[in-house]
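User: I'd like to learn how to read a few features of a structure. Could you walk me through them?

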Amino acid sequence: MYAVLGGSGLSQLPGFEVVKRKVQRTPYGEPSGALTIGMLAGHEIVFLARHGYGHTIAPHEINYRANLWALSQLNIDGILSVASVGGIRPDLKPGQLVVPDQILDYTHGREATFFEGDSQAVQHIDFTWPYDQALRSSLCLAADAVGEQVVQGGCYACTQGPRLETAAEVKRLARDGADIVGMTGMPEAALARELEIPYAHLALVVNQAAGVGESAHAISHAQISKTVHEGMARVMGIIKSMVQL
Ligand code: HPA
């Protein structure tokens, strides 16, 4: 069974028949909501909206540890994380889908590890390739099967938010080697690796990042809403295709 972690614009899954909701208590506090278990295209999946079902939890306020730990209590084969991002590389325009293969982490003050306290030995997980290669390949195959083009590979920069970046910050991210920018990819990916759960990201570009192309002067929220709406319908198609692979 796959888990789907939905981001902005994907707090519900159209076509998903809910069978049960599970309120999972965790040693790390409350997850973003109840885990929703049900059927999608004849296959069982579990869904969790990382910003909460009413989209009220900001990126820096998400309890990533509780979310990941809650999912780990179910017998899941992998986590498919969906997120909206800004495009830094000039060719990554709104509507484009990216399956990144690298991460730069600019977040701070987030609870970013399960290895804490005196009771357990410190572990330094390997994170050279932060996303699960097999799951990335399945995502790309699934997209191909429904005729969706995805950009395979790219570097995801995770900023702290909740504000968007300045143009100078985006220039720095570009110099650092980032292709897309979002606010929720970390510590989520690292926590999944600590729990040894395969994890991959499907990112929908919803705007050009601050200072880039059409966002030279400002980022248009009206444009973002439109792109999110159209894009998430395509994301759903890919997820449906993926569970049937
Ligand atoms: N920056 C950070 N996060 C985002 C953006 C952005 O431009 N667009 C969507 N999520």
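Analyst: Happy to; we'll go through the annotated site, the ligand shell, a helix and some backbone details. This is a predicted model, in which local features need pLDDT of at least 70, side-chain atom pairs count only at pLDDT 80 or more, and totals for chains, interfaces and linings use all residues. Residues are numbered from 1 along each chain as its sequence is written.

User: Where does UniProt place the feature "binding site"?

Analyst: UniProt positions are given in the numbering used here, with shortened feature names, and annotations may be inferred rather than shown by experiment. Here the unreviewed entry lists Met183, Asn207, Gln208 and Ala209.

User: Is Met183 buried or exposed?

Analyst: A residue is buried if 20 or more other C-beta atoms (placed from the backbone) lie within 10 Å of its own, exposed if 12 or fewer, and partly exposed in between. Met183 counts as buried because it has 26 C-beta neighbours inside 10 Å. Gln208 is buried too, with 23 other C-beta atoms within 10 Å.

User: Which residues does Met183 touch?

Analyst: Contact means that two C-beta atoms, placed from the backbone, lie within 7 Å. Not counting residues up to four places away in sequence, Met183 touches Pro59, Cys158, Thr159, Gly161 and Pro162.

User: Which strand gives the most to the shell around the ligand?

Analyst: Strands (E, at least two residues) and helices (H or I, at least four) are DSSP runs numbered from the N terminus. A residue is near a molecule or strand if its C-beta atom, placed from the backbone, lies within 6 Å of it. E5 gives the most, with three residues, while E5, E10 and E11 each supply at least two. The residues around the ligand include Ser84, Val85, Gly86 and Met183.

User: How many residues of helix H1 are buried?

Analyst: Eight of the nine residues in H1 (64-72) are buried, among them Trp69 and Leu71. Those buried residues pack against strands E1, E3, E4 and E5 and helix H4.

User: What should I look for in the backbone?

Analyst: Most residues other than glycine have a negative phi, and most peptide bonds are trans. In this model, a cis peptide bond joins Gly161 and Pro162, with omega about -5°, and another joins Met186 and Pro187, with omega about 5°. His55 has a positive phi, near 50°, and lies in the loop between E4 and H1. Glu196 has a positive phi near 60°, and this residue is exposed, with 9 other C-beta atoms within 10 Å.
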